[in-house]
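The sequence and the model are shown first, and the main points follow by topic.

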Amino acid sequence: MFARTQIPRLEEAKPQRIRQRSEDIQLALLLTYITFGWMTIEGAASLLLGWVSKSLLLEAFGIDSIVELFSAGVLLWRLRVEATGATTLQHVDLVERRAARLVGYSLYALVAYVVFNSGYGLFIAKRITDTHESVWGIVIGLVAKIGMPILAAYKLKVAARLNSRALRADAVESITCGYLSIVLMIGLAATWLLGWWWLDSIAALALIPFLIKEAGAAIRGESCCRTK
(Lines give C-alpha, C1' and ligand atoms only; values in the text may rest on other atoms or scores of the structure.)
Protein backbone atom coordinates (compact mmCIF):
# COMPACT_ATOMS: atom_id res chain seq x y z
CA MET A 1 0.00 0.00 0.00
CA PHE A 2 2.92 2.34 0.80
CA ALA A 3 4.42 1.78 -2.69
CA ARG A 4 1.09 2.52 -4.38
CA THR A 5 0.75 5.89 -2.62
CA GLN A 6 4.29 6.93 -3.59
CA ILE A 7 4.10 6.24 -7.36
CA PRO A 8 1.63 9.04 -8.24
CA ARG A 9 3.66 11.52 -6.25
CA LEU A 10 6.83 10.67 -8.16
CA GLU A 11 4.99 10.93 -11.46
CA GLU A 12 3.56 14.33 -10.50
CA ALA A 13 6.88 15.73 -9.27
CA LYS A 14 8.23 16.74 -12.67
CA PRO A 15 5.01 18.42 -13.94
CA GLN A 16 4.83 20.33 -10.64
CA ARG A 17 8.40 21.57 -11.08
CA ILE A 18 7.67 22.63 -14.65
CA ARG A 19 4.51 24.45 -13.56
CA GLN A 20 6.34 26.18 -10.70
CA ARG A 21 9.15 27.30 -13.01
CA SER A 22 6.64 28.64 -15.52
CA GLU A 23 4.96 30.66 -12.77
CA ASP A 24 8.34 31.98 -11.61
CA ILE A 25 9.21 33.05 -15.16
CA GLN A 26 5.92 34.95 -15.41
CA LEU A 27 6.60 36.62 -12.05
CA ALA A 28 10.12 37.54 -13.18
CA LEU A 29 8.67 39.05 -16.36
CA LEU A 30 6.20 41.10 -14.31
CA LEU A 31 9.01 42.39 -12.08
CA THR A 32 11.06 43.27 -15.17
CA TYR A 33 8.17 45.19 -16.76
CA ILE A 34 7.71 47.09 -13.48
CA THR A 35 11.42 47.90 -13.45
CA PHE A 36 11.31 49.03 -17.07
CA GLY A 37 8.42 51.42 -16.47
CA TRP A 38 9.79 52.64 -13.16
CA MET A 39 13.28 53.39 -14.53
CA THR A 40 11.84 55.21 -17.55
CA ILE A 41 9.84 57.60 -15.35
CA GLU A 42 12.54 57.94 -12.70
CA GLY A 43 15.30 58.52 -15.25
CA ALA A 44 13.35 61.12 -17.22
CA ALA A 45 12.30 63.02 -14.08
CA SER A 46 15.80 62.96 -12.57
CA LEU A 47 17.53 64.11 -15.74
CA LEU A 48 14.98 66.87 -16.36
CA LEU A 49 15.11 68.19 -12.78
CA GLY A 50 18.89 67.85 -12.76
CA TRP A 51 19.19 69.87 -15.95
CA VAL A 52 16.82 72.59 -14.70
CA SER A 53 18.46 72.91 -11.28
CA LYS A 54 22.06 72.24 -12.43
CA SER A 55 22.24 69.42 -9.86
CA LEU A 56 24.97 66.84 -10.43
CA LEU A 57 23.25 64.53 -7.92
CA LEU A 58 19.97 64.40 -9.84
CA GLU A 59 21.70 64.06 -13.22
CA ALA A 60 23.78 61.19 -11.84
CA PHE A 61 20.67 59.45 -10.46
CA GLY A 62 19.10 59.72 -13.91
CA ILE A 63 22.17 58.12 -15.53
CA ASP A 64 21.94 55.24 -13.05
CA SER A 65 18.34 54.73 -14.21
CA ILE A 66 19.53 54.48 -17.82
CA VAL A 67 22.01 51.73 -16.84
CA GLU A 68 19.17 49.88 -15.12
CA LEU A 69 17.01 50.26 -18.24
CA PHE A 70 19.69 48.47 -20.25
CA SER A 71 19.84 45.70 -17.66
CA ALA A 72 16.05 45.33 -17.69
CA GLY A 73 16.06 45.13 -21.49
CA VAL A 74 18.63 42.33 -21.45
CA LEU A 75 16.72 40.46 -18.77
CA LEU A 76 13.46 40.86 -20.68
CA TRP A 77 15.09 39.21 -23.71
CA ARG A 78 16.36 36.32 -21.58
CA LEU A 79 13.02 35.69 -19.85
CA ARG A 80 10.92 35.91 -23.01
CA VAL A 81 13.12 33.29 -24.68
CA GLU A 82 12.16 30.79 -21.98
CA ALA A 83 8.58 32.02 -21.64
CA THR A 84 7.78 31.17 -25.28
CA GLY A 85 8.44 27.50 -24.56
CA ALA A 86 9.47 26.94 -28.19
CA THR A 87 13.12 26.31 -27.39
CA THR A 88 15.48 23.76 -25.87
CA LEU A 89 16.98 23.72 -22.38
CA GLN A 90 20.41 24.10 -23.96
CA HIS A 91 19.35 27.27 -25.74
CA VAL A 92 17.79 28.69 -22.55
CA ASP A 93 21.03 27.98 -20.70
CA LEU A 94 23.05 29.70 -23.44
CA VAL A 95 20.80 32.77 -23.36
CA GLU A 96 20.98 32.85 -19.54
CA ARG A 97 24.79 32.88 -19.63
CA ARG A 98 24.87 35.60 -22.28
CA ALA A 99 22.34 37.71 -20.40
CA ALA A 100 24.25 37.28 -17.13
CA ARG A 101 27.45 38.47 -18.80
CA LEU A 102 25.75 41.51 -20.34
CA VAL A 103 24.13 42.50 -17.04
CA GLY A 104 27.47 41.86 -15.33
CA TYR A 105 29.18 44.27 -17.74
CA SER A 106 26.47 46.82 -17.01
CA LEU A 107 27.41 46.51 -13.32
CA TYR A 108 31.01 47.28 -14.27
CA ALA A 109 29.70 50.28 -16.20
CA LEU A 110 27.89 51.33 -13.02
CA VAL A 111 31.18 51.02 -11.10
CA ALA A 112 32.90 53.28 -13.65
CA TYR A 113 30.04 55.74 -13.40
CA VAL A 114 30.17 55.83 -9.58
CA VAL A 115 33.95 56.40 -9.61
CA PHE A 116 33.75 59.11 -12.27
CA ASN A 117 30.76 60.81 -10.67
CA SER A 118 32.35 60.76 -7.21
CA GLY A 119 35.63 62.19 -8.48
CA TYR A 120 33.84 64.77 -10.59
CA GLY A 121 31.61 65.72 -7.67
CA LEU A 122 34.59 66.26 -5.39
CA PHE A 123 36.44 68.56 -7.76
CA ILE A 124 33.71 70.22 -9.85
CA ALA A 125 30.59 70.23 -7.71
CA LYS A 126 27.34 71.61 -9.05
CA ARG A 127 25.61 72.92 -5.98
CA ILE A 128 21.85 72.91 -5.97
CA THR A 129 20.34 76.15 -4.75
CA ASP A 130 16.69 75.90 -5.82
CA THR A 131 14.53 74.78 -2.88
CA HIS A 132 11.71 73.64 -5.20
CA GLU A 133 14.00 71.33 -7.17
CA SER A 134 15.58 70.04 -3.93
CA VAL A 135 12.18 69.00 -2.61
CA TRP A 136 11.26 67.18 -5.83
CA GLY A 137 14.66 65.48 -5.88
CA ILE A 138 14.16 64.26 -2.32
CA VAL A 139 10.68 62.96 -3.27
CA ILE A 140 12.19 60.96 -6.15
CA GLY A 141 14.79 59.55 -3.78
CA LEU A 142 12.19 58.67 -1.15
CA VAL A 143 10.03 56.75 -3.63
CA ALA A 144 13.08 54.79 -4.82
CA LYS A 145 14.21 54.13 -1.23
CA ILE A 146 10.83 52.61 -0.36
CA GLY A 147 10.16 50.71 -3.59
CA MET A 148 13.54 49.47 -4.79
CA PRO A 149 14.39 47.24 -1.80
CA ILE A 150 10.97 45.57 -2.10
CA LEU A 151 11.43 45.02 -5.83
CA ALA A 152 14.98 43.72 -5.28
CA ALA A 153 13.82 41.28 -2.58
CA TYR A 154 11.26 39.71 -4.93
CA LYS A 155 13.86 39.49 -7.71
CA LEU A 156 16.36 37.75 -5.42
CA LYS A 157 13.78 35.17 -4.33
CA VAL A 158 12.74 34.38 -7.91
CA ALA A 159 16.38 34.37 -9.05
CA ALA A 160 17.19 31.72 -6.43
CA ARG A 161 14.29 29.51 -7.55
CA LEU A 162 15.22 29.89 -11.23
CA ASN A 163 18.95 29.71 -10.50
CA SER A 164 19.29 32.80 -12.70
CA ARG A 165 22.47 34.79 -12.25
CA ALA A 166 21.16 37.36 -14.76
CA LEU A 167 18.11 38.07 -12.60
CA ARG A 168 20.25 38.22 -9.47
CA ALA A 169 22.60 40.75 -11.11
CA ASP A 170 19.58 42.82 -12.13
CA ALA A 171 18.37 42.68 -8.52
CA VAL A 172 21.77 44.00 -7.44
CA GLU A 173 21.19 47.02 -9.66
CA SER A 174 17.86 47.59 -7.92
CA ILE A 175 19.64 47.37 -4.56
CA THR A 176 22.18 49.88 -5.85
CA CYS A 177 19.38 52.22 -6.90
CA GLY A 178 17.90 51.99 -3.40
CA TYR A 179 21.28 52.81 -1.87
CA LEU A 180 21.91 55.68 -4.26
CA SER A 181 18.48 57.08 -3.41
CA ILE A 182 19.66 57.47 0.20
CA VAL A 183 22.82 59.15 -1.07
CA LEU A 184 20.63 61.39 -3.25
CA MET A 185 18.36 62.48 -0.38
CA ILE A 186 21.19 63.06 2.10
CA GLY A 187 23.29 64.78 -0.53
CA LEU A 188 20.52 67.15 -1.62
CA ALA A 189 19.60 67.98 1.96
CA ALA A 190 23.22 68.41 3.10
CA THR A 191 24.11 70.56 0.08
CA TRP A 192 21.00 72.70 0.40
CA LEU A 193 21.06 73.17 4.20
CA LEU A 194 24.74 72.82 5.16
CA GLY A 195 26.72 73.23 1.97
CA TRP A 196 28.27 69.74 2.35
CA TRP A 197 28.48 69.09 -1.40
CA TRP A 198 31.22 66.45 -0.93
CA LEU A 199 29.17 64.06 1.24
CA ASP A 200 27.40 62.17 -1.56
CA SER A 201 30.61 61.59 -3.52
CA ILE A 202 32.37 59.89 -0.62
CA ALA A 203 29.32 57.81 0.42
CA ALA A 204 28.79 56.43 -3.10
CA LEU A 205 32.31 54.93 -3.16
CA ALA A 206 31.26 52.40 -0.51
CA LEU A 207 29.25 50.59 -3.19
CA ILE A 208 32.22 49.73 -5.39
CA PRO A 209 33.48 46.47 -3.73
CA PHE A 210 29.93 45.05 -3.68
CA LEU A 211 29.31 45.94 -7.35
CA ILE A 212 32.64 44.49 -8.50
CA LYS A 213 31.98 41.21 -6.65
CA GLU A 214 28.50 40.77 -8.15
CA ALA A 215 29.61 41.81 -11.65
CA GLY A 216 32.44 39.27 -11.62
CA ALA A 217 30.13 36.48 -10.41
CA ALA A 218 27.58 37.28 -13.14
CA ILE A 219 30.19 37.28 -15.93
CA ARG A 220 31.74 34.02 -14.68
CA GLY A 221 28.25 32.50 -14.54
CA GLU A 222 28.47 31.36 -10.93
CA SER A 223 25.32 29.82 -9.53
CA CYS A 224 23.24 32.30 -7.55
CA CYS A 225 21.97 29.52 -5.28
CA ARG A 226 25.26 28.38 -3.79
CA THR A 227 25.55 28.21 -0.02
CA LYS A 228 27.35 31.18 1.47
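**A buried serine and its setting**

S46 counts as buried because its relative accessibility is 0%, and burial here requires a value under 20%. The model is a predicted one. S46 belongs to helix α1, which covers residues 2–53.

**Surroundings of S46**

- The side chain of S46 reaches the backbone oxygen of E42 at a distance of 2.8 Å.
- With residues up to four places away in sequence set aside, S46 touches L58, E59, F61, G62 and I140.

**The chain as a whole**

- The secondary structure consists of seven helices and zero strands.
- Read from the N terminus, the order of elements is α-α-α-α-α-α-α.
- The chain has 228 residues, of which 44% are buried.
- Of the contacts between residues at least 6 apart in sequence, 81% join residues at least 24 apart.
- The chain exposes about 11,900 Å², and carbon and sulfur atoms supply 69% of this area.

- D24 counts as buried because its relative accessibility is 4%.
- R161 has a relative accessible area of 46% and is therefore partly exposed.

- E82 and R78 form a salt bridge through their side chains, at 3.0 Å from N to O.
- Both residues lie in helix α2 (residues 56–83), where E82 and R78 are four residues apart, about one turn of the helix.
- E82 has a relative accessible area of 16% and so is buried.
- R78 likewise counts as buried, because its relative accessibility is 2%.
- A network of salt bridges links R21, R78 and E82.

- K155 forms a salt bridge with D170, and their closest N and O atoms are 2.6 Å apart.
- K155 counts as buried because its relative accessibility is 0%.
- D170 is buried as well, because its relative accessible area is 2%.

**I63 in helix α2**

- I63 is found in helix α2.
- The relative accessibility of I63 is 38%, so I63 counts as partly exposed; that class lies between the 20% limit for buried and the 50% limit for exposed.
- I63 and A44 are 19 residues apart in sequence, and their C-alpha atoms are 9.5 Å apart in space.
- Apart from neighbours within four places in sequence, I63 is in contact with L47 and Y113.

Terms used. Residues are numbered from 1 along each chain as its sequence is written. This is a predicted model: local features need pLDDT of at least 70, side-chain atom pairs count only at pLDDT 80 or more; totals for chains, interfaces and linings use all residues. Side-chain values use heavy atoms; hydrogens and water are left out. Helices (H or I, at least four residues) and strands (E, at least two) are DSSP runs, numbered from the N terminus. Buried means under 20% relative accessible area, exposed over 50%, partly exposed in between (1.4 Å probe, protein chains only). A polar contact is a pair of N or O atoms within 3.5 Å; within protein, one must be able to donate a hydrogen and the other to accept it, and residues adjacent in sequence count only if both atoms are side-chain atoms. Contact means heavy atoms within 4.5 Å. Accessible areas come from the Shrake-Rupley method with a 1.4 Å probe; for residues, only the protein chains shown count as cover. A salt bridge is a side-chain nitrogen of Lys or Arg within 4 Å of a carboxyl oxygen of Asp or Glu.
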